[in-house]
Amino acid sequence: MSNFTQVTMNTPVEPLINDEYTGEPPSKRLLAHLQSQREREVKIVGMYCGYAPEEIVRALGLVPASLCAFSEASIEAAEEVLPANLCPLIKSSYGFIMRDACPFFAISDAVIAETTCDGKKKMFELIADRKPMHVMDLPQLPDEPEALDNWTLMIRKLQKFLETQFNRTATDDEIEQAIRAANVKSRLMNRVFSYAALTPPVIGWPELYDVLFLAQTASAIEMAPILDDVMMKLEARKQNGYVYGGKRAPRVMVTGCPIGPIGGGAAKVLTIIEEAGGVIIALDSCSGMKPYADYIEEGTGDPVRALAERYLKYPCACMSPNTRRLTETTRIIETFKPDAVIDVVLQACHSFNIESYKVGEHVTKNHGLPFLKILTDFSQSDVGQIRTRVEALLESC
Ligand code: SF4
Ligand code: SF4
C-alpha cells in the first residue's frame, strides 16, 4: 500500500514562486522582469523561436524576450492583412504588433527571426521595418553534412549583427561562459521537472508554467536561487506525501506546437485535461520543457560551433526528417511514464499536423500508449468537442 496521502490539486500549499505576481498570469512576472532590466538600461532582444541561440544574446550582456503571442484578441485585426487560414500563433503575434499592443515587442531593442515555417518567415517581412531585425537562415535538413557549417555561419552572422547594433563585442571566452551558464540553468530546470516525473507528481502544469515562463528571460544567475527555493518546497511536498491531482489520475504527456501561457487560447487543452481527471506530467513543446532537454558541449574551443550543433538537434517539425522528435518522445515516455500522449496541433500548422501521424504511430506501436491529436486554435468554440475526446482518451487509460 502506498505511503502517499491523496491530496487534491485544490489543497492549499505554499506557492512555488512567492512574490507580488503570485497568482497572476506568468506574462505579468515576465514583463515586470524585463521592465526592471530596462530601468537598468540593459538592452532587450525579442526572439520568436527555439532556434535563436540565447547564449549569444547573453554573452553580449543583452536580455532575451519571447515575442510569440497566444491570445485570440488580436486575431481579427491580423486577418485584415494575413490570411484567415494561417496558424493562430502567427496571427496573434502579428495582430498585437500591428495594433502597437505587444509590450514585449515594444520593449525590444532588436528582433531575431528565423526561416522556420513559411507563415512565420513571411510575417517577419511585414514587421521588418518596425524594429532592427536579423533573420537567420535555418538549415532544414539537419543531418546533411553542410548543415552544421551553415548554421555555425548563421550564428556568427547573428553575433555580428548584435555587436554592430549594440556597439559591443563578445569574445569566444564570453560565449563559452554563456554556454556553461545555460547548461547550469538546464540542469536545474530538469531537476524541477523530475518532481513532475514522480509517481504521483508533486507539481502541476500551472506551477511548471510559472517556472518555465520566468526562465525564458531570467539568467542562470537570477534563476539559481529561485530554483533552489522551488526545489526545497517540492522536496518538502514529497516528504509530506503531497500529491498533485488524484493519486490514480491518468498521467498525460502533452507534445506538439507551442501552447503558450495560462490565459492563452490553447491552454484550454491543459485545463480540460485536468478537469477530465488527468494530470499533466510532461510538456514537450517550445513553451514547455523542450528548450532544456539537451545540453551544449563545453570546452570545445569553438563555442559557436558547439552552439550550432546543439541547436540543430532541436526537434521541431520544420526539420526534415525530424527523427529526433521520436527519440525525444521515447526519452520523455521512459522518464515521465505517461499513461497517454496528447499531440496539440495549431490549425494550419502543416508541419506539426503531418508529423503527428508519425508521432502517433510511434507512441501507439512502440510504446503501447493511447494517443490523441487535437487540432485547435485560440478560440473557445471547440472546448466541448475537445472535452469529449479527452474524456474518452482518459477512460481508456
Ligand atoms: S515550434 Fe519550431 S518554429 Fe515554432 S518556436 Fe518552436 S522551434 Fe520555432
Ligand atoms: S505553430 Fe507551426 S505554423 Fe505556427 S508558428 Fe509554429 S511552426 Fe509555424
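**Close-up 1. A four-stranded open sheet.** In this predicted model, four strands form an open sheet in the order E6-E5-E7-E8, and their pairing is parallel. Strands here are DSSP runs of E with at least two residues, helices are runs of H or I with at least four, and both are numbered from the N terminus; two strands pair if DSSP finds at least two bridges between them. Strand E6 (279-284) and strand E8 (371-376) are at the edges with a single partner strand each, so one side of each has no neighbour in the sheet. On average, neighbouring strands are turned by 25° against each other, direction ignored; axes are lines fitted to C-alpha atoms, for helices over the stretch in contact, and angles run from 0 to 180 degrees between N-to-C directions. Five bridges link strand E5 (residues 251-256) with E6, and Val254 has Leu283 of E6 as its bridge partner.

**Close-up 2. Helices on the sheet.** Helix H14 (residues 350-367) packs on the sheet and touches E5, strand E7 (340-346) and E8, where contact means heavy atoms within 4.5 Å. The direction of H14 makes about 165° with that of E8. Helix H15 (residues 383-395) lies across E5, E7 and E8, at about 170° to E8.

**Close-up 3. From E7 to E8.** These parallel strands are joined by six bridges, and Val345 is partnered by Leu375 in E8. The chain passes from E7 through H14 to E8 in a right-handed β-α-β crossover: with the strands pointing away from the viewer, the path from the first strand over the helix to the second runs clockwise.

**Close-up 4. Helix H12, largely enclosed.** Eight of the 10 residues of helix H12 (residues 303-312) are buried, so the rest of the structure largely encloses this helix. Buried means under 20% relative accessible area (1.4 Å probe, protein chains only). Among these buried residues are Pro303, Arg310 and Tyr311. Their cover includes helix H2 (54-59), helix H7 (145-166), helix H8 (172-197) and helix H13 (323-336).

**Close-up 5. Around ligand 2.** The residues around this ligand, each with a heavy atom within 4 Å of it, are Cys87, Ile90, Cys117, Lys120, Cys257, Leu346 and Cys349. By class, six are nonpolar, none is polar and one is charged; Ala, Val, Leu, Ile, Met, Phe, Trp, Tyr, Cys and Pro count as nonpolar, Asp, Glu, Lys and Arg as charged, and the others, Gly among them, as polar.

**Notes.** Residues are numbered from 1 along each chain as its sequence is written, while chains are lettered from A and ligands numbered from 1 in the order in which they are written. Local features need pLDDT of at least 70, side-chain atom pairs count only at pLDDT 80 or more, and totals for chains, interfaces and linings use all residues, with side-chain values using heavy atoms and leaving out hydrogens and water.

Notes
Buried < 20%, exposed > 50% of the residue type's maximum accessible area, 1.4 Å probe, protein only.
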